[in-house]
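User: I would like to go through this model and ask, for each label, what it rests on. Please set the values against the cut-offs as we go.

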Amino acid sequence: MTKEKMLNCDDCCDCCKYVAIEVDKPACKKDYSDFFWYLLHEDISLFIDHDNSWNIEIKNPCEALDENSKICTVYEDRPVICRKYSLDICTTHSTGEYYKEKFDTQDDLKKYLDKKRIDYRFKRLPR
Ligand code: SF4
Ligand code: SF4
């Protein structure tokens, strides 16, 4: 992400190819239904991180990457979140996964909820 990091990163830039945003932990059937809706969309995942926070992950590259997706073209003016990113939280260099649970499809999430015995099914579907 930073110039020094990019030198250490072998032109990786993987951390510039998605957006992850923390979302409220689902608390009701409507929330689970909303999460199923997210997961029905292409290139959207949900994950629970090691702090038990729920996050939505959007696999979409930053438009500031160069044509080879290797260099940040707005490096001097890059956003704060990019400046704060460090190899300590780099998903490429970390030994473990960045998530405790990850859901790429609504079936992934349904299996997890069934395993946890969380009832997400509406008795009567809302109109
Ligand atoms: S994902 Fe890690 S290795 Fe890749 S550019 Fe970002 S900080 Fe560097
Ligand atoms: S602004 Fe630059 S460092 Fe930040 S995500 Fe985009 S390409 Fe990566």
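Analyst: What follows takes the model as a whole, then single residues, then the two ligand shells.

User: How do you know how far to trust the coordinates?

Analyst: The model is predicted. The protein averages a pLDDT of 90, and 93% of the residues score at least 70. Since pLDDT is the predictor's confidence on a scale from 0 to 100, these values speak for the model's confidence in itself. Residues 2-7 stand apart: their pLDDT stays under 50, and the model has five contacts for them beyond four places in sequence.

User: How many helices and strands are there, and in what order do they come?

Analyst: The protein has four helices and four strands. Read from the N terminus, the order is α-β-α-β-β-α-β-α.

User: Why is the protein called more spread out than a compact globule?

Analyst: Because its radius of gyration is 17 Å, well over the 14 Å that the globule rule gives for 127 residues. The C-alpha trace spans about 55 × 30 × 20 Å along its principal axes. Buried residues make up 8% of the 127 residues.

User: What share of the contacts joins residues at least 24 apart in sequence?

Analyst: The share is 66%, counted among contacts between residues at least 6 apart.

User: What makes up the largest nonpolar core?

Analyst: Five residues in all: Tyr 32, Phe 35, Leu 46, Phe 103 and Leu 109. Beyond its neighbours within four places in sequence, Phe 35 is in contact with Pro 26, Leu 46 and Leu 109.

User: Why does Asp 43 count as exposed?

Analyst: Asp 43 has 10 C-beta neighbours inside 10 Å, and the label applies at 12 or fewer, so Asp 43 is exposed. Its place is in the loop between α2 (29-39) and β2 (44-48). Asp 43 also has a positive phi of about 65°, although it is not a glycine.

User: Which way does the count go for Arg 117, buried or exposed?

Analyst: Exposed, with 6 other C-beta atoms within 10 Å, against a limit of 12. Arg 117 is found in the segment after α4 (106-115). Its phi is positive too, about 55°, and it is not a glycine.

User: How do you know that Lys 25 is exposed?

Analyst: There are 10 other C-beta atoms within 10 Å of Lys 25, and 12 or fewer is the condition, so the label holds. Lys 25 is found in the loop between β1 (19-23) and α2.

User: Why is Tyr 120 called partly exposed?

Analyst: Tyr 120 has 18 C-beta neighbours inside 10 Å. Buried needs 20 or more and exposed 12 or fewer, so Tyr 120 falls in between. Tyr 120 is found in the segment after α4. Leaving out residues up to four places away in sequence, Tyr 120 touches Lys 29, Tyr 32 and Leu 113.

User: Which residues come nearest to ligand 1, and how is Cys 12 among them placed?

Analyst: Of the 12 residues around ligand 1, Cys 9, Cys 12, Asp 14, Cys 15 and Cys 90 come nearest. The shell divides into seven nonpolar, three polar and two charged residues. Cys 12 lies in the loop between α1 (3-8) and β1. With 17 C-beta neighbours inside 10 Å, Cys 12 is partly exposed. The C-alpha atoms of Cys 12 and Thr 92 are separated by 8.8 Å, and the two are 80 residues apart along the chain.

User: What makes up the shell around ligand 2?

Analyst: Nine nonpolar residues, no polar ones and one charged; Cys counts as nonpolar here. Of the 10 residues around ligand 2, Cys 16, Cys 62, Ala 64, Cys 72 and Cys 82 come nearest. Cys 62 lies in the loop between β3 (54-58) and α3 (80-84). Cys 62 counts as partly exposed, with 18 C-beta neighbours inside 10 Å. Cys 62 and Lys 123 are 42 Å apart, C-alpha to C-alpha, and 61 residues apart in sequence.

Note on methods:
Residues are numbered from 1 along each chain as its sequence is written. Chains are lettered from A and ligands numbered from 1 in the order in which they are written. This is a predicted model: local features need pLDDT of at least 70, side-chain atom pairs count only at pLDDT 80 or more; totals for chains, interfaces and linings use all residues. A residue is near a molecule or strand if its C-beta atom, placed from the backbone, lies within 6 Å of it. Two residues are in contact if their C-beta atoms, placed from the backbone, lie within 7 Å. Helices (H or I, at least four residues) and strands (E, at least two) are DSSP runs, numbered from the N terminus. The radius of gyration is taken over C-alpha atoms; the globule rule is 2.2 Å times the number of residues to the power 0.38. A nonpolar core is a set of buried Ala, Val, Leu, Ile, Met, Phe, Trp, Tyr and Cys residues joined through C-beta atoms within 7 Å.
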